[in-house]
Amino acid sequence: MAKVSKSFLLTNIQSRRFRVSSCKPAFGIIPSSANSIIKLNLTTTAIKNLCFTQGLLRKTLTKMPIYEIIEKGTPNSTAYSIYFQSVCGKPLSPLHDIPLFANKEKGIYNMVVEIPRWTNAKMEINMQSPMNPIKQDIKKDKLRFVANCFPHKGYIWNYGAFPQTWENPDHIEPTTGCKGDNDPIDVLEIGYRVAKRGEVIQVKILGTVALIDEGETDWKIIAIDVKDPLAEKLNDIEDVDVYFPGLLRATVEWFKIYKIPDGKPENQFAFNGDAKNAAFATDVVAEVHKFWQGLVKCKIEGSTISCLNTTNAESPFHISAEEAGNIYKEAPDGGIAQEISDTVDKWHFIHLK
C-alpha cells in the first residue's frame, strides 16, 4: 500500500492566516481574523481545485512544502522506491520536473535530499527507472551501505542532488581533465538540521570540491539550507572554515577513504583537494544544467537515462500526469526486507599513506 506524506502548513494566503490540519480523507482549513473564526471542511479535490484555480500553491511557496513523497515497496527491500508528486497530486520526476531554482534572483536552489546525515544507506535518484524514484543502490543483489570510517558515522552532511542537472559523460571538464559521471550533480548540505529522505530543501551555494572517482569528475557542491540560523553569515567557501572549522578537511578525508573498506583504492581530488569558491561552483552548476537541458530535449544522447517528465512541454519525453500516475500504480509493492547485518555499524580504521 502506497504511503503519502501530507504534512504542511498554509499561512499568509490572500492577506489572511490559515491553519491546516491533516485528517482523513479531507483537510480542515480554519481562516482566522480578529473578528471571526470560520471552519471550512474541504475535500482533497476541493483543495486541488484551490491550488490550480486560485494560485494557492504558488502564494504559499515560502511557507509550506510543495512536494510530497509516495513510498512503494517494503523498506529495506530491493523493491523500495520513493516517488515524488506536487502537493496537488501531479506526479513529478525529482530529476526532470523539480526546478533547479527555488528563487533564481536570490540564488536559491532546490536540493533533493537522498541521504540524511549520519545514515549509511546508499540511496540515490535512479536514472534508469521511469520518473526517476529514489532507490537504494544494489551490489551483488544486496542493498548497499556506506562504511563508517573512523571517526565518521555514515554521511557527515545531508547528501543529495540538484534537480535538472547532469554531469555529461561525453564532456571532458577542462579544469579536471576528466569526463562527467553521468549523474545529477551532488550536493552536501552542511546546516545543523538532519533532513528527511526525499525532502526538497532550499539552499544557497558556498563552494565545491572536485572528486575524481574512478577517473570521472564528480563535483560535490557545498551548500547550506537557507533556513539555517547561520545561513545569512555564510556566503562563500572561506566562511565555512570560520563557522564550521574542520568540516572542509573532514569532507576531503571522507571522500578519499570511504571506498577503501570495500577494497577500492583511495579516491583523488582535483586542485589538490582545495575547495573552489561560490562563484566557481555556481558556474559549474550552470554548465551541468545546460547539459541536462540538452538531455531532456534529446539534443544530447543519454543512453539508458529515463527522461520521462510531466512539466517540460518541449521535451519529446513529456507525458501526461495520468500516464505518470499509471507508472506509480504499476511500481511494485511488497518485497522481502533484507536482514541488515550489524557490520553496517562497524568502524573501519583507515590510515592514508
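Visitor: Which residues touch the most other members in the largest nonpolar core?
Guide: W157, F162, I190 and F255 do, in a core of 72 residues. A nonpolar core is a set of buried Ala, Val, Leu, Ile, Met, Phe, Trp, Tyr and Cys residues joined through side-chain atoms within 4.5 Å. Buried means under 20% relative accessible area, exposed over 50%, and partly exposed in between, using a 1.4 Å probe and protein chains only.

Visitor: And which strand gives the most to this core?
Guide: That is β19, with 9 residues. Strands (E, at least two residues) and helices (H or I, at least four) are DSSP runs, numbered from the N terminus.

Visitor: What does F255 touch?
Guide: Leaving out residues up to four places away in sequence, F255 touches W157, Y159, L188, L211, K220, N267 and F269. Contact here means heavy atoms within 4.5 Å.

Visitor: Before we go on, where do these values come from?
Guide: This is a predicted model, where local features need pLDDT of at least 70 and side-chain atom pairs count only at pLDDT 80 or more, while totals for chains, interfaces and linings use all residues. Residues are numbered from 1 along each chain as its sequence is written, and side-chain values use heavy atoms, with hydrogens and water left out.

Visitor: New topic: is β20 mostly covered or uncovered?
Guide: Mostly covered: 9 of the 10 residues in β20 (residues 216-225) are buried.

Visitor: How does β19 run beside β20?
Guide: Antiparallel, with 10 bridges joining β19 (residues 200-213) to β20. Two strands pair if DSSP finds at least two bridges between them. V203 has D225 in β20 as its bridge partner. The two strands form a hairpin with 2 residues between them, and E214 in the turn has a positive phi of about 55°.

Visitor: What about β18 and β20?
Guide: β18 (residues 186-189) pairs with β20 in the parallel sense over 4 bridges, and D186 stands opposite K220.

Visitor: Which element gives the most to the lining of the second largest pocket?
Guide: β20 again, with 3 residues. On a 1 Å grid over the protein atoms alone, a pocket is an open set of points where a 1.4 Å probe fits, with protein on both sides within 12 Å along at least five of seven lines; lining residues have an atom within 4 Å of a point.

Visitor: Which residues lie nearest its centre?
Guide: K122, E124, D137, I138 and R144, out of 47 residues lining the second largest pocket.
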